[in-house]
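Trainee: Could we go through this model together? I would like to begin with the metal site and then turn to the strands and helices.

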Amino acid sequence: MGIELTSPFDLGDTDSYLRWRDKKLALAMVDTNELIVEIKDPTRVTESECNALLNRCHHCNMAIYASDVEMDERMLRDFGAQFGLIQLDANWLADKLGISRITVSNPDNQRQTYIPYTDRAIKWHTDGYYNPPERRIRGMVLHCAQNAGIGGENRVMDHEIAYLMLRDENPDFIRALSASDVMTIPAREDEFDGVREAQTGPVFSIDMQGHLHMRYTARTRSIEWKQDAITLAAVAQLEQILASDSAHIHRLKMESGMGLLCNNVLHDRSAFTDDPNNPRLLYRARYLERVVSI
Ligand SMILES: [Fe+2]
């Protein structure tokens, strides 16, 4: 068994990068419908359903599943496990299983302090950007149990494509965003840990298996970017990419029974208005692992 010595994410190895880039763009799915896989029983996916989902995750870091089965948290846990997603990163608002119910909380509930539990828009981010490195979120399932009356769409983008666009523009953007002191989330009380310490770290990092990880939020408050010209230019370029009409940005309104299985890709959420009789409900499971590789 050989050890992979080259990495497309090594800024010093342009050949590897260009080979990876060609393949990435050739296999990228720009039609959102191509990402969707219909599944019959989420707790026992068939071999072909599983392969279809894993194939999309392998090439695009995400897949969308659609099923008629009503799922609860336990079923969602069983669904994730079939793709190697086991270690849930539980936060203090998640239930005992470690899966969060994302729904609008009434105003006197503590959850209402946190944007996910409101009907407001959420800017582009990857999940757990405020986590310490040992709790890096690599995999995620976002399951729609009940869609909103109006709005509540998600935009999603493969973070490797965002990397590619930035590197094509200027490799120094990648260098700047890979610095270990580029992005600091100040100490505060947050959804995840209650009171948590400041977290300083890179946007882009490579894990032990050579996979690219991205830590990002487009929020402008409670974030400190390194104040040098190249960092600020890189951040501005990334914002421009995410605000563009690139075919690599998928827009989807998940219907009940649909969900996103992914390697913590970039995503956002638009504001929404609930149907009072059927309020929007999403289950969110965050994992320390990536979706298993094929
Ligand atoms: Fe999120």
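Trainee: What spacing do the donors of the iron ion follow along the chain?

Mentor: This is a predicted model. In it, the donors of the iron ion follow the spacing H-x1-D-x139-H.

Trainee: Which atoms coordinate the iron ion?

Mentor: The iron ion is coordinated by NE2 of His-125, OD of Asp-127 and NE2 of His-267, at 2.1 to 2.2 Å. Asp-127 lies in the loop between strand 4 (122-125) and strand 5, and His-267 lies in strand 17 (residues 266-269), so this pair ties together parts that are 140 residues apart in sequence.

Trainee: And is Asp-127 buried or exposed? What about His-267, buried or exposed?

Mentor: Asp-127 has a relative accessible area of 3% and is buried. His-267 also counts as buried, at 5% relative accessibility. The cut-off for buried is under 20%.

Trainee: Changing topic: why is strand 19 largely enclosed?

Mentor: Strand 19 (residues 281-287) has seven of its seven residues buried, so the rest of the structure largely encloses it.

Trainee: Which of its residues point which way from strand 19?

Mentor: Leu-281, Tyr-283, Ala-285 and Tyr-287 point one way, while Leu-282, Arg-284 and Arg-286 point the other way, and all are buried. In a regular strand, side chains alternate between the two faces of the sheet.

Trainee: Which strands pair with strand 19, and over how many bridges?

Mentor: Strand 3 (residues 99-102) pairs with strand 19 in the antiparallel sense over four bridges; here Ile-99 has Ala-285 as its bridge partner. Strand 5 (residues 139-146) also pairs with strand 19 in the antiparallel sense, over seven bridges, and Leu-142 has Arg-284 as its bridge partner.

Trainee: On to helix 3, then. Which of its residues are buried?

Mentor: The buried residues of helix 3 (residues 73-81) are Glu-73, Leu-76, Phe-79 and Gly-80. Seen down the helix axis, they fall within an arc of 110°, so they line one face of helix 3.

Trainee: What covers them?

Mentor: The cover includes strand 2 (62-66), strand 3, strand 5 and strand 19.

Trainee: Which residue caps the N-terminal end of helix 3?

Mentor: Asp-72 does: one of its side-chain oxygens lies 3.2 Å from the backbone nitrogen of Arg-74.

Trainee: Lastly, in what order do the three strands of the open sheet run?

Mentor: The order is 11-8-14, with antiparallel pairing. Strand 11 (199-201) and strand 14 (224-225) stand at the edges with a single partner strand each, so one side of each has no neighbour in the sheet. Three bridges join strand 8 (residues 183-185) to strand 11, and Met-183 stands opposite Gly-201.

Terms used
Residues numbered from 1 in each chain as written. Predicted model: local features only at pLDDT ≥ 70, side-chain atom pairs only at ≥ 80, totals over all residues. Heavy atoms only, no water. Buried < 20%, exposed > 50% of the residue type's maximum accessible area, 1.4 Å probe, protein only. Helix = DSSP H or I, 4+ residues; strand = E, 2+ residues; numbered from the N terminus. Pairing = 2+ DSSP bridges. Arc of directions from axis to C-beta. Contact = heavy atoms within 4.5 Å. Polar contact = N/O pair within 3.5 Å; in protein donor to acceptor, adjacent residues only side chain to side chain. Donors = N, O, S within 2.8 Å, 3.2 Å for Na, K, Ca; no water.
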